Amino acid sequence: VTHSIPACIGSMTINSKQLDKESPVSIFAVNKCYETVQEGTFFDGSGFAALVKEGYKVRSDVNITLEFRTTAAHGVLLGISSAKVDAVGLEIVNGKVFFHVNNGAGRITATYEPRVANSLCDGKWHKLQANKSKHHIALIIDGNLVQTDNPYIQSTSADTNNPIYVGGYPADVKQNCLTSKSSFHGCLRNLMLTKGQQAELFDFSRAFDLRGVFPHSCPGAEH
């Protein structure tokens with residue numbers, strides 16, 4: 001077994017001596033345990049999760065689904081880029097959700113603006129679906145569809161080859177379809193990327209780089 005246990009551990013004794021977990025010698029990717037826990041992955045607003053080290057190829061079509069819960073009005077949800085301009089990006093800016101796509105000819109954006117300001121940042125779970133099919137893009141938030149016209153209809157493939165960054169990205173990494181640098185603060189769950197008939201559900205505990213991200217446990221909704 002090479003990955004950590006997604007669990008809470010308490011009251012550990014070795015040779016009848018209780019371990020002091022309040023002042024460990026060193027600590028890595030260990031969070032506190034919560035009285036009430038929900039399924040999901042907690043992002044503390046300082047970092048990111050990096051998935052698919054060899055690079056994810058969006059190409060002509062991808063369908064991204066996830067659920068998020070936050071009280072912050074800003075935060076990167078997901079970015080997949082390339083060394084050129086080709087990229088896709090999902091972010092929350094001023095309480096609105098933006099889905100950006102660049103197939104090489106220019107960036108196009110689908111924007112979801114809730115009727116009530118900041119109602120997506122109410123600490124409750126919201127469902128997001130972002131779909132790119134050739135030059136068409138669509139964003140569905142809690143069942144509400146937003147589509148956008150694309151003037152670059154000849155350009156259909158986003159030739160990405162970088163990892164999938166979720167909840168933020170390192171300072172030295174270029175993201176061509178994100179405007180925000182703010183790391184996401186809140187919880188994410190059920191991240192799935194589908195291409196054609198192939199659906200891939202991503203487990204954050206298997207990310208190759210995790211900073212400020214705690215898989216498998218989300219503090220219960222704040223009261």
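Buried residues, meaning those under 20% relative accessible area with a 1.4 Å probe and protein chains only, make up 46% of the 223 residues in the chain. This is a predicted model, in which local features need pLDDT of at least 70 and side-chain atom pairs count only at pLDDT 80 or more, while totals for chains, interfaces and linings use all residues. Residues are numbered from 1 along each chain as its sequence is written, and side-chain values use heavy atoms, with hydrogens and water left out.

**Overall fold and dimensions**

- The chain contains zero helices and 17 strands, where helices (H or I, at least four residues) and strands (E, at least two) are DSSP runs numbered from the N terminus.
- The radius of gyration of the chain, 19 Å, agrees with the value near 17 Å that a compact globule of 223 residues would have; the radius is taken over C-alpha atoms, and the globule rule is 2.2 Å times the number of residues to the power 0.38.
- Taken along the principal axes, the box filled by the C-alpha atoms is roughly 70 × 40 × 35 Å.
- Of the contacts (heavy atoms within 4.5 Å) in the chain with a separation of 6 or more, 73% are between residues 24 or more positions apart.

**Surface and charge**

- The accessible surface of the chain comes to about 12400 Å², and 50% of that area belongs to carbon and sulfur atoms, as computed by the Shrake-Rupley method with a 1.4 Å probe.
- There are 21 positive and 20 negative side chains, and the centres of the two sets lie 4 Å apart; Lys and Arg count as positive and Asp and Glu as negative, whereas His and the chain ends are not counted.

**Annotated domain**

- An unreviewed UniProt entry places the feature "domain: Laminin G" at residues 38-218, although such annotations may be inferred rather than shown by experiment.
- The end C-alpha atoms of residues 38-218 lie 5 Å apart, and this span is 0% helix and 51% strand.

- T41 is found in strand β4, which covers residues 41-51, and T41 counts as buried because its relative accessibility is 5%.
- Not counting residues up to four places away in sequence, the residues that T41 touches include C187, F204, H216 and C218.
- The C-alpha atoms of M192 and F202, which are ten residues apart along the chain, are separated by 6.1 Å.

Methods. Buried < 20%, exposed > 50% of the residue type's maximum accessible area, 1.4 Å probe, protein only. Charge placed at Lys NZ, Arg CZ, Asp CG, Glu CD.
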